[in-house]
Amino acid sequence: MAYWLLKSEPSNWSWQDQLKAGEKGTSWSGVRNHGAKLNLMAMRVGDRAFFYHSNEGKEIVGIVEVTKPYYPDPSDTSGKFGMVDVRAVEALKNSVTLDSIKANPRLKEMVLVNNSRLSVQPV
């Protein structure tokens with residue numbers, strides 16, 4: 001099993017939205033960065049990901065699981081990008097802020113610390 005971090009602006013798709021999607025989950029679509037695309041392509045069913053609220057909150061709020069591997073994103077008219085499906089596994093009792101991640105020396109090599117703009121990243 002691999003571990004990932006998926007970033008979403010809560011005003012576009014929040015943890016609460018992910019929870020409302022229920023056991024079926026939802027697609028993680030709209031990615032238009034080639035680095036993030038390669039990470040989506042590497043995901044396998046059963047992999048887990050931190051659900052991170054970007055811009056508003058800047059914190060990890062939950063954990064999701066990949067339920068369907070990479071497939072074409074129908075919203076991409078260029079045909080270059082794809083998506084995976086994920087479902088909520090659990091909410092974190094206490095969110096983990098970006099500031100606390102940056103303050104932890106053991107996490108200094110984490111992609112989130114060094115490339116905070118990448119929307120899909122390995123952990």
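**A buried aspartate and an aromatic cluster**

The backbone nitrogen of Ala 2 lies 3.0 Å from a polar atom of the Asp 47 side chain, and that side chain also reaches the backbone nitrogen of Arg 44 at 3.0 Å; a polar contact here is a pair of N or O atoms within 3.5 Å, in which, within protein, one must be able to donate a hydrogen and the other to accept it, while residues adjacent in sequence count only if both atoms are side-chain atoms. The model is predicted, so local features need pLDDT of at least 70 and side-chain atom pairs count only at pLDDT 80 or more, whereas totals for chains, interfaces and linings use all residues. Residues are numbered from 1 along each chain as its sequence is written, and side-chain values use heavy atoms, with hydrogens and water left out.

Asp 47 is in the loop between helix 2 (34-42) and strand 3 (48-53), where helices (H or I, at least four residues) and strands (E, at least two) are DSSP runs numbered from the N terminus. Asp 47 is buried yet has no salt bridge, the nearest side chain of opposite charge being Arg 44, 6.5 Å away. Buried means under 20% relative accessible area, exposed over 50% and partly exposed in between (1.4 Å probe, protein chains only); a salt bridge requires a side-chain nitrogen of Lys or Arg within 4 Å of a carboxyl oxygen of Asp or Glu, and for charge Lys and Arg count as positive, Asp and Glu as negative, with His and the chain ends not counted.

Trp 15, Trp 28 and Phe 51 form one aromatic cluster, rings of Phe, Tyr and Trp (its six-membered ring) being paired if their centres lie within 6.5 Å, with planes under 30 degrees apart counted as stacked, over 60 as edge-to-face and the rest as tilted. Trp 15 and Phe 51 are edge-to-face, 5.3 Å centre to centre with 70° between the planes, and both are buried. Trp 28 and Phe 51 are likewise edge-to-face, at 5.5 Å and 90°; because Trp 28 lies in strand 2 (residues 26-28) and Phe 51 in strand 3, this pair ties together parts that are 23 residues apart in sequence.
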